[in-house]
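Open the model in a viewer and have a selection tool ready.

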Amino acid sequence: MNTIFLLKANSSSERNSVGRVAFDLVQLHRRGLPVLDTVVLTNEVCQQFLEQGSTPEAVISRVLELCSLWHFHEEPYLFFRYSLPQNYPGLVNRIKVKRNFTELKFAIERIFRSWSDSKAKSFRLVRNIDFSMSLPAVVVQPFCYRVWSLCTRDPKTGEYTNEVNYSKNIHNVIEHFSEDCAQWLKTVDGILCRPAKIYFIDKKNKSICSVTDQVLTPVAKSHVLKDYYELGSLGPVDFVTGVEAAALNIPQREFQYQRIASTTGIPRSEGSCLGKLVFTKTDLEAITPGKLILAISGHSVLDDCLISKCDAIIGSAETHSIHITILTKSLGIPFVICDDLLISNSEKKLYLVQSEEYSHVATEGSEVRVNGRTGEVIFYDPSIVTRHEHCDTQLPRIAVRMLEALDEIKPEVFNRLPMLEKAKILRVKRFLSGLDLPRNPGKPTRK
């Protein structure tokens, strides 16, 4: 593949070479949608710059030559942006320059030099991005003074953007939204297979300039993933692991227990969880309905897989928290350290220190709420129920689809997954098993 090419004349680009921005434009152009004239420099040009310390003059001349074709010659300014296979902050982006050799060379090398900045290096290290996935490609387009934008989905509900909900999203910038716009956005969403914000010029022909990811609420994201799963464009593993924990809190029955004690500790990992208290490895390994909160003392021996099987963790002052904090943050599990708790894993009892005395608070199976943001831990008496209400009896379609997706995940596929994905699948499975949901017999009906 050529290292410098006109996007409309090349439809066989690889994402790892041209980055996500350019690859999205190639995909849309390949499916017949109008795309703004674009010149792409692959990340091989960046690698040459890092090895030689400068960009060859032949590269700049070739870019100038391509920029004289199509609609480029109508605009005096050019617009540069980077395109990465795996996005990370720290690189210089969106540079406007005049069409001449000197400024064009400056814009390209400015993007390449930012690859070596300390901020970019830090983000690559934190996100574990290797060398080949970190090199930026460069996208060159004519500078457009009036750009419109539309999002493919509603950020709160996950529905397709239409004539009713488009005005509720401030990112939708267009003078008049028609039924053709709704159909066009649905087509773009089906091609990209992800919610996106589309920038375009020419309201009539909608020549696409760029595509960025759209931010959705957890519930909206779960609805979108369900749609992609039902259409067959998303696999069962990506569907189950992609749904965030906040979207799984679908109550069917609501209980309010009598509060018997509470304490406030040091929050180590954010999140909130209401579940049953357990003390030993045996209790965790048995997948039981509902959420499980593990109480650990300083003498507890834990491994990574064991931590990944619980939904929250409570520790005493003696708990060795550094390793557990790192794991719980990466897994999204609430973790709180309480100095006034005494935990006995052998006796399966938990005590609260009050006035220099130990008062018995909780045993195995007690209901506990852990708030990883404020550090509050509340203990309830499950034998005393003050209120019992039945919530909406309409069965949540997302949960049913997730059960079907779990059935599709074969054991050999599950065993090859990374630990974080295995942990999330197990937590989802345990949570859904506690809901009274019907399971469709046989294979799920997917397109």
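Select α8 and colour by accessibility: Ala220, Ser222, Val224, Leu225, Lys226, Tyr228, Tyr229 and Glu230 are buried (under 20% relative accessible area; exposed is over 50%, partly exposed in between; 1.4 Å probe, protein chains only). The model is predicted, so local features need pLDDT of at least 70 and side-chain atom pairs pLDDT 80 or more, while totals for chains, interfaces and linings use all residues. Residues are numbered from 1 along each chain as its sequence is written, and side-chain values use heavy atoms, without hydrogens and water.

Show α7 (179–192), α9 (236–242) and α13 (397–408) next; they are among what covers the buried residues of α8. Contact here means heavy atoms within 4.5 Å. Helices are DSSP runs (H or I, at least four residues), as are strands (E, at least two), numbered from the N terminus.

Now select α3 (residues 57–66) and α4 (residues 101–114), whose axes come within 10 Å and cross at roughly 110°. Axes are lines fitted to C-alpha atoms, for helices over the stretch in contact, with angles from 0 to 180 degrees between N-to-C directions. Display Glu57, Ile60, Ser61, Val63 and Leu64 of α3, which meet Phe101, Leu104, Lys105 and Ile108 of α4.

Last, go to arginine 94, in the loop between β3 (77–83) and β4 (95–98). Arginine 94 has a positive phi of about 60° although it is not a glycine, and is exposed at 53% relative accessible area. In the loop between α5 (118–126) and α6 (131–134), select asparagine 128; its phi is positive, about 55°.
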